[in-house]
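Biologist: I'd like to learn how to read a model like this one. Could you take me through it feature by feature?

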Amino acid sequence: MELQFSRHRRLRSSASMRALVRENHLRAEDFIYPLFIYEGENIRNEVSSMPGVFQVSMDNLQAEMEDIEAHGIKAVLLFGIPATKDECGGQAYHDHGIVQEATRYIKQHFPEILVVADTCLCEYTSHGHCGVVEGEQVLNDESLELLVKTAVSQAKAGADIIAPSNMMDGFVTAIRAGLDEAGFKEIPIMSYAVKYASAFYGPFREAAEGAPQFGDRKTYQMDPANRMEAFREAESDAAEGADFLIVKPGMPYLDIVRDIKNNFNLPVVIYNVSGEYSMIKAAAQNGWIDEKSTVLEMLVGMKRAGADLIITYHAKDAIRWLNEQ
Ligand code: PBG
């Protein structure tokens, strides 16, 4: 008797057959690689919780950029670690701040590589919050003024994309107006529209030396339990003129990535954050998982979930592995 059932395995029968019907692909152009620029000299510190990720000073930037270019990475996301911090994060919007200097250098020597500037104050403020602080409060509108100054100085230095990550309300409106007024109408805003208050940022705070000195970020970053809130955030940022929408972190929020992809017509960016990277690295170093296949599975899963672009510390390795295949 002939049984009636579907033969799904027909399309899995060989590597060629599987390649023929593969629905999602990773390419070098999908990745944005974060870089930590350290003000100082002769610095190339590996971040202890993020093996393979380095803080680099300007004098080591050329070698780092050559390596990035050789890997085929097309965009970098810059974070700065300034030599001095103050209450108002003055180095974030100083025309010779570390990110501004690094941006100028990269645009002069590696003009093909897009510079995405992270627009936030937490690496630059003595208290480590993303805005201006009064008592225990992070003030919204007062912070916007400084964030606009930061974005404009980054654009002046040559940044190709402004990526505000501070989670103050109205930052897209304020930064868009500030950029337009300063003559940067053509510079897009990649908004960290949907950014959760996540424990997965732990290793980044070591890398960027930007941990809050008191309290936490829960009055401005989002509650991990919420989904509707992601729609509200994405709606307002899209309405305010964002050109890209970031969802962050990545792996634990793939449902949100799919929601944003299905409901908005802007490019969706996922941020595969530091803690996600550290977990994989630690497990791989222990021999508990295979790093290459785990990372590629995770990254293609992000594309399947709806991400158009992936900000990831795995970018160099991923591109190398893709080229081997
Ligand atoms: C700054 C910022 C953070 C990250 C990116 N930009 C830290 C934070 O919000 O606490 C985290 C990135 C990562 O964990 O890889 N606001």
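This is a predicted model: local features need pLDDT of at least 70, side-chain atom pairs count only at pLDDT 80 or more; totals for chains, interfaces and linings use all residues.

Biologist: Let's begin with the whole chain. How many helices and strands are there in the protein chain?

Modeller: The protein chain has 11 helices and 12 strands. Its C-alpha trace spans about 80 × 45 × 40 Å along the principal axes.

Biologist: What radius of gyration would a compact globule with 325 residues have, and what does the protein chain have?

Modeller: The idea is to set the chain against a rule for globules. A compact globule with 325 residues would come out near 20 Å, and the protein chain has 20 Å, so the two agree. Buried residues make up 45% of the 325 residues. As for contacts with a separation of 6 or more, 75% of them are between residues 24 or more positions apart.

Biologist: Which residues have the most contacts inside the largest nonpolar core?

Modeller: That core has 97 residues, and the ones with the most contacts inside it are Ile37, Val76, Leu78 and Val269. Helix 4 gives the most to this core, with 8 residues. Take Val76 as an example: leaving aside neighbours within four places in sequence, its contacts are Ile32, Tyr33, Leu35, Ile68, Ile113, Val115 and Val116.

Biologist: Which residues of helix 3 are buried, and what covers them?

Modeller: Ile98, Val99, Gln100, Ala102, Thr103 and Ile106 are buried. Their cover includes strand 1 (31-38), helix 2 (61-71), strand 4 (75-81), strand 5 (114-119) and helix 4 (140-157).

After helix 5 comes Gly183, with a positive phi near 90°.

Biologist: What surrounds the ligand?

Modeller: List the shell, then sort it by class. Around the ligand are Asp118, Cys120, Cys122, Cys130, Ser165, Tyr201, Phe204, Arg205, Arg217, Val273 and Ser274. By class, that gives 6 nonpolar, 2 polar and 3 charged residues.

Biologist: On to the backbone. Which residues other than glycine have a positive phi?

Modeller: Asn42 is one of them, with phi near 60°. Asn42 sits in the loop between strand 1 and strand 2 (44-46). Glu209 is another, with phi near 50°, in the loop between helix 6 (202-208) and helix 7.

Biologist: Why does Asn42 count as exposed?

Modeller: Count C-beta neighbours: Asn42 has 7 inside 10 Å, so it counts as exposed. Glu209 has 17 other C-beta atoms within 10 Å, so Glu209 is partly exposed.

Biologist: And which residues does a cis peptide bond join?

Modeller: Look at omega. Lys248 and Pro249 are joined by a cis peptide bond, with omega about -10°. Pro249 is in the loop between strand 10 (244-248) and helix 8 (254-263).

Notes: Residues are numbered from 1 along each chain as its sequence is written. A residue is near a molecule or strand if its C-beta atom, placed from the backbone, lies within 6 Å of it. Ala, Val, Leu, Ile, Met, Phe, Trp, Tyr, Cys and Pro count as nonpolar, Asp, Glu, Lys and Arg as charged, and the others, Gly among them, as polar. A residue is buried if 20 or more other C-beta atoms lie within 10 Å of its own, exposed if 12 or fewer, and partly exposed in between; C-beta atoms are placed from the backbone. Helices (H or I, at least four residues) and strands (E, at least two) are DSSP runs, numbered from the N terminus. Two residues are in contact if their C-beta atoms, placed from the backbone, lie within 7 Å. The radius of gyration is taken over C-alpha atoms; the globule rule is 2.2 Å times the number of residues to the power 0.38. A nonpolar core is a set of buried Ala, Val, Leu, Ile, Met, Phe, Trp, Tyr and Cys residues joined through C-beta atoms within 7 Å.
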